[in-house]
Amino acid sequence: MKERVLYLLEYYLATIALFVVAKVAFMLVCGEGLTLGDYTAVVWHGLSLDLSTALYFFGVPYLLTMLSLWVRVPRIAYLIYYGFVAVVFSLVFVADTSLYPFWHFKLDASCLLYLETPAEAMASVTTGYLIGRLLLLLVLIVLIWITLSWWRTRFQPVRHRLLATLAALLLIGPIVVGIRGGLGESVTNIGQVYFSKNQFLNHSAVNPVFSFLSSVEDLGLYVLTYDYMTDEECHQLTDSLFYTDSTDADTLLNTQRPNILFIVMESCGGQFTEIGGHKEITPHLNQLAREGVSFSECYANSWRTDKGMVSILSGYPAFPETSVMKLPEKSRKMPSIARSLQGVGYQNTFYYGGDINFTNMRSYVLGTGYDRLTWKSDFSREEQTTSQWGVKDEIMFDTLLRDIKNEQTGKPWMKTLLTLSSHEPWDVPTKVLDDEVYNAFNYLDQCIGRFIDALRKTPAWQHTLIVILPDHGYRYKGIDEATRLYNHIPMLWVGGAVRQPVVIDRLCNQSDLAATLLGQMGINHDDFRFSRDIVSSSYRQPMAYHTSTSCVSVYDSTGWMAYDLDANSVITSEGDDTERLLRLSRALLQLTSYDLKEK
């Protein structure tokens with residue numbers, strides 16, 4: 001019996017050791033400027049989650065070893081299980097280390113959603129990168145399998161098998177308690193290992209296997225909801241924020257029925273424009289901001305394209321986990337600018353140089369009022385490979401310009417172009433700036449500048465409103481959820497339909513575009529519950545709201561607050577009313593998630 005107990009202990013400790021080594025490797029690959037104290041603190045604080053996670057993979061060896069008290073268990077049974085564990089651990093370790101530099105959060109089950117369109121999911125990396133990761137995966141599988149196979153699993157018979165079995169059964173209780181994380185009300189969770197104001201250290205402490213497994217169940221949920229307070233308290237905090245009517249609104253346009261063009265710029269947050277002090281990156285956007293209507297205090301609702309597009313086109317706030325675009329049964333019930341315009345005779349076209357099926361975009365676009373799609377498959381094979389993600393932006397802008405020139409239906413139109421070149425791996429055809437990220441945004445700016453200059457020379461210019469804004473910001477050079485600049489985005493209205501240059505300095509979200517635009521056009525927008533007409537006299541409580549995978553932030557006249565959902569703590573704040581902003585952020589999560597659940 002002693003040798004069986006010793007084997008189980010050795011196997012359990014070996015599993016924990018693998019988790020610790022994976023943490024150190026993760027920090028070496030993804031971290032910068034870390035000290036020995038950082039490594040020690042991460043390993044120590046993450047140990048409680050490692051101990052619990054190791055028990056998830058302890059059950060099979062435990063059962064096999066208990067069975068060996070009565071019958072001979074062939075070693076191959078252990079080896080097969082070791083192979084399974086080696087594959088799972090290796091996949092998680094490699095995926096976590098590879099995806100973190102792009103996503104900046106620990107691996108979770110959301111990565112499975114991108115397997116439906118693998119070509120698009122891999123577009124941010126090179127073939128050499130993928131081959132290197134595959135080789136690393138194979139090497140890790142072999143090394144982990146050899147490590148676990150080191151322990152002998154042939155045990156001597158025991159005399160008192162019944163007594164030994166009863167003793168072994170007593171271990172079930174401690175195993176269950178260990179997996180649960182104790183006997184208290186709180187169960188094992190990611191937030192328990194958070195210990196630092198440095199989010200990278202907190203993320204490093206999280207066991208990636210646990211992070212993935214714990215999110216698999218959530219992935220299958222219809223809609224994640226948040227419960228922080230009573231409905232009455234929730235409405236007391238939020239009811240005055242969302243007046244959707246347009247009353248005595250400032251007139252920004254010289255016509256109520258302009259042709260409308262949305263240019264949604266991939267990742268082009270304010271940090272790459274004059275907002276962030278970079279005049280050299282986007283000179284054309286900076287100039288356009290002085291020529292048209294500039295919304296100088298606009299903030300993104302989310303950090304991913306699928307969520308940002310729903311905020312822009314449907315006026316709907318984003319969620320930390322749930323992606324409305326990936327829920328067709330919900331997204332088709334969303335209000336949308338395209339559907340509202342369709343109702344007054346507009347013809348709507350959506351342009352995207354990548355795979356329109358990525359993140360279920362086709363379903364959302366067609367389900368919310370677009371009549372036509374122009375995407376990667378509509379271009380030649382050569383054009384489809386001009387960018388890692390598909391058709392490069394300059395070709396898409398040329399196609400858009402040609403279509404505008406050829407419009408002959410006599411109907412007003414609305415067109416939307418989602419750009420893609422300003423995205424990893426930053427493979428643009430020009431080299432103006434040394435920094436490859438800045439250079440990619442400069443290329444996007446050049447494409448927009450050339451397009452605008454060409455459109456000015458056409459008859460369509462006089463009757464067209466061009467709305468330019470990004471889908472979200474981008475984490476770069478210390479700009480992340482803990483900084484307001486990460487969410488601060490440009491939103492510009494330009495074109496012949498703009499009445500005069502003006503700066504709108506009211507705090508707002510990109511989700512407020514819907515009500516503001518429809519208000520200018522005299523089109524009812526009551527069904528856009530969370531979109532506000534920010535030039536209306538009824539807009540009296542300016543507020544901006546943002547969510548990411550594990551964070552929510554709120555910004556109003558009293559200050560700014562960012563709250564970490566996993567750690568259940570405030571990351572950073574400005575102003576003297578942090579507690580109220582925290583309660584408001586929770587109320588907004590609760591209100592919006594239950595609204596989505598009811599759709």
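Let's start with a charge beside a ring: Arg-304 lies over the face of Trp-303, 5.0 Å from the ring centre. Keep in mind as you look around that this is a predicted model.

**Charges over rings**

- Besides Arg-304 over Trp-303, there is Lys-415, which lies over the face of Trp-413 at 5.2 Å from the ring centre.
- Trp-413 also turns up among the residues of a nonpolar core of 41 residues.

**Aromatic pairs**

- Searching the whole structure gives 29 aromatic pairs.
- One of them joins Tyr-7 and Tyr-11, whose ring centres are 6.4 Å apart; their planes meet at 35 degrees, so this pair counts as tilted.
- Both tyrosines sit in helix α1 (residues 2–30), and because they are four residues apart, about one helical turn separates them.
- In an α-helix there are 3.6 residues a turn, so residues three or four places apart point the same way.
- Tyr-7 is buried at 2% relative accessible area, and Tyr-11 is buried at 0%.
- A further tilted pair is formed by Phe-397 and Phe-451, with ring centres 5.3 Å apart and planes at 50 degrees.
- Phe-397 belongs to helix α18 (residues 393–405) and Phe-451 to helix α19 (residues 436–456), so this pair ties together parts that are 54 residues apart in sequence.
- Phe-397 is buried, with a relative accessibility of 3%; Phe-451 is buried too, with a relative accessible area of 3%.
- Ring pairs also link up into a cluster made of Phe-272, Trp-426, Tyr-438, Phe-441, Tyr-474 and Tyr-476.

**Nonpolar cores**

- The largest nonpolar core holds 78 residues, and Phe-350 and Trp-493 have the most contacts inside it.
- Helix α21 (residues 578–598) supplies the largest share of this core, with eight residues.
- Another core, of 41 residues, lies apart from it and includes Ile-395, Trp-413, Ala-460 and Val-494.
- As background, nonpolar side chains tend to be buried together in soluble globular proteins.

**A covered helix, α20**

- Helix α20 (residues 513–520) is mostly covered, with eight of its eight residues buried.
- Those buried residues include Leu-513, Leu-517 and Leu-518, as well as Thr-516 and Gln-520.
- They pack against the strands β1 (259–265), β7 (464–470), β9 (492–494) and β11 (508–509), and against the helices α13 (305–314) and α15 (337–342).
- Just after α20 comes Gly-522, which takes a positive phi of about 70 degrees.

**The four-stranded sheet**

- Four strands form an open sheet in the order β12-β13-β14-β15, and their pairing is antiparallel.
- β12 (543–548) and β15 (569–575) are the edge strands, each pairing on one side only.
- On average, neighbouring strands in this sheet are turned by 10 degrees against each other, direction ignored.
- β12 pairs with β13 (residues 551–556) in the antiparallel sense over six bridges.
- Ser-548 has Cys-551 in β13 as its bridge partner.

Conventions: Residues numbered from 1 in each chain as written. Predicted model: local features only at pLDDT ≥ 70, side-chain atom pairs only at ≥ 80, totals over all residues. Heavy atoms only, no water. Phe/Tyr/Trp six-rings, centres within 6.5 Å; stacked < 30°, edge-to-face > 60°. Helix = DSSP H or I, 4+ residues; strand = E, 2+ residues; numbered from the N terminus. Buried < 20%, exposed > 50% of the residue type's maximum accessible area, 1.4 Å probe, protein only. Lys NZ or Arg CZ within 6 Å of the ring centre and 35° of its normal. Core = buried A, V, L, I, M, F, W, Y, C linked by side-chain atoms within 4.5 Å. Contact = heavy atoms within 4.5 Å. Pairing = 2+ DSSP bridges. Axes fitted to C-alpha atoms, helices over the stretch in contact; angles between N-to-C directions.
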